[in-house]
Amino acid sequence: MEFSSHSRVWVYQSDRKLSPAEALQIQVQLDNFTTGWTAHNNQLKAKAEIRYNRFLILIVDESQAGASGCSIDKSVNFMKQLEQQFGINLFDRFNLAYRDGEEVLSVPRQQFEELLKQGKINTETIVFNNLAQNVTELQTKWEVPFKDSWHIQLFRDLVVG
């Protein structure tokens with residue numbers, strides 16, 4: 001299935017790395033969900049993927065049918081079920097993800113601030129902008145250096161050097 005670059009995107013970040021077995025189980029459930037996902041009885045052209053065993057990404061190409069408030073509620077409820085089933089938190093906006101070499105880690109806001117003060121996270125550290133709205137932003141503005149992300153606005157005063 002081809003998806004438009006304008007397709008809507010929702011990025012959910014787990015507060016911990018999923019095991020390969022969990023990621024496989026979750027992917028099956030995501031596939032089942034997107035296959036049956038509708039808005040006002042119209043099938044949505046949707047898919048889901050897991051990246052880095054940490055990010056659950058829903059994508060809807062609205063060229064055929066748009067995601068409605070009800071359909072978005074369905075996806076949120078589905079994500080809450082996954083949270084309970086797998087003992088993860090997908091809705092903590094202050095759990096911040098960043099790259100440490102090849103590894104993707106996430107920490108609570110206070111710990112992120114400490115890492116900044118210690119210089120372990122700096123302006124070049126790759127961070128994840130889970131506010132990406134569409135496929136284009138997911139490709140170009142999701143994994144970005146700290147200095148090019150929204151994080152710099154919030155944490156500028158803590159950057160070392």
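Start by selecting Lys-80 and Phe-91: Lys-80 lies over the face of the Phe-91 ring, 5.8 Å from the ring centre. A charge sits over a ring here if NZ of Lys or CZ of Arg is within 6 Å of the ring centre and within 35 degrees of the ring normal.

Before moving on, note that this is a predicted model: local features need pLDDT of at least 70, side-chain atom pairs count only at pLDDT 80 or more, and totals for chains, interfaces and linings use all residues. Residues are numbered from 1 along each chain as its sequence is written, and side-chain values use heavy atoms, leaving out hydrogens and water.

Next, select Lys-45 and Phe-3. The charged end of Lys-45 sits over the Phe-3 ring, 5.3 Å from its centre.

Now the aromatic pairs. The structure holds 13 of them. Rings of Phe, Tyr and Trp (its six-membered ring) pair if their centres lie within 6.5 Å; planes under 30 degrees apart are stacked, over 60 edge-to-face, and the rest tilted. Select Tyr-52 and Trp-142. This pair is stacked, with 6.1 Å between centres and 20° between planes. Tyr-52 is in the loop between β4 (45–51) and β5 (55–61), and Trp-142 is in the loop between α4 (135–140) and β9 (143–145), 90 residues apart. Helices (H or I, at least four residues) and strands (E, at least two) are DSSP runs, numbered from the N terminus.

Tyr-52 counts as partly exposed because its relative accessibility is 35%. Buried means under 20%, exposed over 50%, and partly exposed in between (1.4 Å probe, protein chains only).

Select Trp-10, Phe-33, Trp-37 and Phe-78 for one aromatic cluster.

Then show the largest nonpolar core, which has 24 residues. Such a core is a set of buried Ala, Val, Leu, Ile, Met, Phe, Trp, Tyr and Cys residues joined through side-chain atoms within 4.5 Å. Leu-58 is among the members that touch the most others. Beyond its neighbours within four places in sequence, Leu-58 is in contact (heavy atoms within 4.5 Å) with residues including Trp-10, Leu-30, Trp-37 and Met-79.

Move to Gln-27 in helix α1 (residues 20–36). Its side chain reaches the backbone nitrogen of Ile-50 at 3.4 Å.

Finish on Gln-85 in helix α2.

How values were computed: A polar contact is a pair of N or O atoms within 3.5 Å; within protein, one must be able to donate a hydrogen and the other to accept it, and residues adjacent in sequence count only if both atoms are side-chain atoms.
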